[in-house]
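Here's a quick briefing to read with the model open beside you.

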Amino acid sequence: MNDSSDLTYSKEAAISRVKFYQGFSDVNFFVEDMGKEYEYETILNRMLEGKVCPINVLGLGGKPNVIKHFHECGENTGGVPNIYLVDGDFDRYTSPEEMIVASCFIYLKAYNIESYFIDEEACYQFAKGKLKCVDSRVREKVDYSNWRDKIVGQAKKLFLCYCFLKKHHPSQESVSRNAYLFLDQKTGFERNDGAYDNYWKSILSLDSDTQKKIDEIIKAYEYINGSDYYNLICGKFLLTSLYCHLVNAIGKSFLQEDLRWHLINNFEITSLDYVKEAILAQIEI
């Protein structure tokens, strides 16, 4: 028999869990990721510091399902508040007019929840346990700031392409493409075999005014975020890059899931203070 932690749920089964836990939780949280409820529970408990306990987290398998459930169930179920927490994705730059405006429906400011895991001090802490050396040496070998600046600078152009596809050619595969089509597994940085240039040429061929449309996305993004393109890039992609970079810096292999779990438990939780404030404001209504 499989351990219960391995179970995933259909949307219908997830919804039935709301009724099952009714009366046992202070608030219901609906998120996109099925099978990652334990991660969100950990993050929310860290964020809320026991102010809301117990909580019930349900992954519905994508943003469309979360939106559908919001329209069906609204702000509460049997008197228990419902909070909907979804990825920012590209929505603010492709279709802001379609975003839901409701106090109980929260869009992350960054691309997705993984974007918040990637934290400098948590990375150094993880690496120190592997390198077994003093802080100054850990920081020298990992050089987090250089990694972040370099990968964001490199990935910016790729994710502008993906954002363009999302807005103008939504049927084409974009962010779901394997990260290693762009990343070098040995370094975590852009491959040097021309893979991106070939991809860029294929994107340019889609429209006669592709560059103009990408420039419009740049304008929309920078109006909201300024010149730092971190929020445009999928956190899963960044986490893959960081994993490769750390394996290279540390000089020994480890599981990416171990890095992920460490970061979940140690990233700077105040980076989600705006989510915390929105949740507490909704519960107090």
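Strand S2 (residues 55-59) is mostly covered, with five of its five residues buried. Keep in mind that this is a predicted model. S2 pairs with strand S1 (residues 27-31) in the parallel sense, over five bridges.

**Strand S2**
- Ile55, Val57 and Gly59 point one way from S2, while Asn56 and Leu58 point the other way, and all are buried.
- Leu58 in S2 stands opposite Phe30.

**Strand S1 and its other partner**
- Five of the five residues of S1 are buried, so this strand is largely enclosed by the rest of the structure.
- On S1, Val27, Phe29 and Val31 point one way and Asn28 and Phe30 the other, and again all are buried.
- S1 also runs parallel to strand S4 (residues 80-86), and four bridges join the two.
- If you want a residue pair to look at there, Val31 has Leu85 of S4 as its bridge partner.

**Helix H2 and what it packs against**
- S1, helix H2 (residues 37-48) and S2 together make a right-handed β-α-β unit.
- The axes of H2 and helix H12 (residues 256-266) come within 9 Å of each other and cross at roughly 25 degrees.
- That angle is under 35 degrees, so H2 and H12 count as roughly parallel to each other.
- H2 brings Tyr38, Glu39, Thr42, Ile43 and Arg46 to this contact, and H12 brings Arg260, Trp261, Ile264, Asn265 and Asn266.

**Phe70 in helix H3**
- You'll find Phe70 in helix H3 (residues 63-73).
- Why does Phe70 count as buried? Its relative accessible area is 14%, and the cut-off for buried is under 20%.
- Setting aside residues up to four places away in sequence, Phe70 touches Tyr84, Ile100, Ala102, Cys104 and Phe105.

**Gln154 in helix H8**
- Gln154 lies in helix H8 (residues 144-168).
- Is Gln154 buried or exposed? With a relative accessible area of 16%, Gln154 is buried.
- Leaving out neighbours within four places in sequence, Gln154 is in contact with Phe182, Phe189 and Glu190.

**Helix H11**
- Helix H11 (residues 235-250) has 16 residues.
- From its first C-alpha to its last, H11 reaches 22 Å, close to the 22 Å expected at 1.5 Å a residue.
- Of the 16 residues in H11, 13 are buried, so this helix is largely enclosed by the rest of the structure.
- Just after H11 comes Gly251, which takes a positive phi of about 85 degrees.

Notes
Residues numbered from 1 in each chain as written. Predicted model: local features only at pLDDT ≥ 70, side-chain atom pairs only at ≥ 80, totals over all residues. Heavy atoms only, no water. Buried < 20%, exposed > 50% of the residue type's maximum accessible area, 1.4 Å probe, protein only. Contact = heavy atoms within 4.5 Å. Pairing = 2+ DSSP bridges. Right-handed = clockwise from strand over helix to strand, strands pointing away. Expected span 1.5 Å × (residues − 1). Axes fitted to C-alpha atoms, helices over the stretch in contact; angles between N-to-C directions. Parallel < 35°, antiparallel > 145°, perpendicular 65-115°, else oblique.
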